[in-house]
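Subject: Structure for your files

Hello,

Here is the structure I said I would pass on.

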Amino acid sequence: MSLSFGTFIIEGDYTDRHQELLDALGIEDKTGKGLITFEAASLRDFDDTAITTINGVTIIFNNLLPYDCNFESPENPSYLDKKVASWSATGKSMCLFLQGITGTYGFNYFEQGELKRQWSRDPQTLFSDHGEPMPEEAGYTNGEERIFSVIKKRFGLNLSTLVFDTDTPLSLYNGF
């Protein structure tokens, strides 16, 4: 597919808590800028933040902030890894990036406040393969397909379809 975007996924309905999420991400200007579609929020040049909740799962698009997660060294979590872990205190959360153009992908998956799985790679190098591989990862060599499979199984979202959705609105905020 060759998609390129960054996303946080949280089990839980944060519909009325966008300001809390923006604070946690360090976004200073929390003024709403209207609505945007999944398709627009998942474009490579999207430089804002978009939030929505679908079926009890909150999705945050921001193409730069996920890179503040540490996708290579589980023993040295970043400030953002700690925040994403806290979002999973009573469930699950995930930080991920897809860079289809370069073939670079990664995700950190948390349950009950703990990092359970970390995986990242580019075409030549496997940077991290920490934690027990999940059954839904089996058989996938393509990073996009692997990550989409995890999201579908663990969160019940078909993100590979949603990123082309032009109807479902997401709340739009500044990127930083």
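Two strands are taken to pair if DSSP finds at least two bridges between them. The model is a predicted one, so please read everything below with that in mind.

The sheet

Nine strands make up an open sheet, and their order across it is S2-S9-S3-S4-S1-S5-S6-S7-S8, with antiparallel pairing. The edges are held by strand S2 (35-37) and strand S8 (126-130); each has a single partner strand, so one side of each has no neighbour in the sheet. On average, neighbouring strands are turned by 20° against each other, direction ignored.

Strand S6 (residues 104-111) and strand S7 (residues 114-121) run antiparallel and are joined by seven bridges. Within this pairing, Phe107 has Trp119 in S7 as its bridge partner.

Two helices pack on the sheet. Helix H3 (residues 79-87) touches strand S1 (4-11), strand S4 (57-61), strand S5 (92-99) and S6, and the direction of H3 makes about 135° with that of S5. Helix H4 (residues 143-155) touches S1, S4, S5, S6 and S7, and the direction of H4 makes about 160° with that of S5.

Strand S1

S1 is largely enclosed by the rest of the structure, because seven of its eight residues are buried. S1 pairs with S5 in the antiparallel sense over seven bridges, and Phe8 has Cys95 in S5 as its bridge partner. With S4, S1 pairs over five bridges, again in the antiparallel sense; here Thr7 stands opposite Phe61.

Gln118

What does the side chain of Gln118 join through a polar contact? The partner is the side chain of Asn108, at 3.1 Å. Leaving out residues up to four places away in sequence, Gln118 touches Asn70, Phe71, Glu72, Ser73, Pro74, Phe107, Asn108, Ser128, Asp129 and His130. Phe107 in that list is the residue whose bridge partner is Trp119.

Helix H3

The buried residues in H3 are Leu80, Asp81, Val84, Ala85 and Trp87. Seen down the helix axis, they fall within an arc of 155°, so they line one face of H3. An α-helix has 3.6 residues a turn, so residues three or four places apart point the same way. The cover over the buried residues of H3 includes S1, helix H1 (18-24), S4, S5 and S6.

Helix H4

In H4, the buried residues are Gly143, Glu144, Arg146, Ile147, Phe148, Ser149, Val150, Ile151 and Phe155. They pack against S1, S4, S5, S6, S7 and helix H5 (159-162).

How far apart are the end C-alpha atoms of H4? They are 18 Å apart, which agrees with the 18 Å that 13 residues should span at 1.5 Å a residue, since the expected span is 1.5 Å times one less than the number of residues.

Both ends of H4 have an entry. Just after H4, Gly156 takes a positive phi of about 70°.

Regards

Technical notes
Residues are numbered from 1 along each chain as its sequence is written. This is a predicted model: local features need pLDDT of at least 70, side-chain atom pairs count only at pLDDT 80 or more; totals for chains, interfaces and linings use all residues. Side-chain values use heavy atoms; hydrogens and water are left out. Helices (H or I, at least four residues) and strands (E, at least two) are DSSP runs, numbered from the N terminus. Axes are lines fitted to C-alpha atoms, for helices over the stretch in contact, and angles run from 0 to 180 degrees between N-to-C directions. Contact means heavy atoms within 4.5 Å. A polar contact is a pair of N or O atoms within 3.5 Å; within protein, one must be able to donate a hydrogen and the other to accept it, and residues adjacent in sequence count only if both atoms are side-chain atoms. Buried means under 20% relative accessible area, exposed over 50%, partly exposed in between (1.4 Å probe, protein chains only). The arc is that of the directions from the helix axis to the C-beta atoms.
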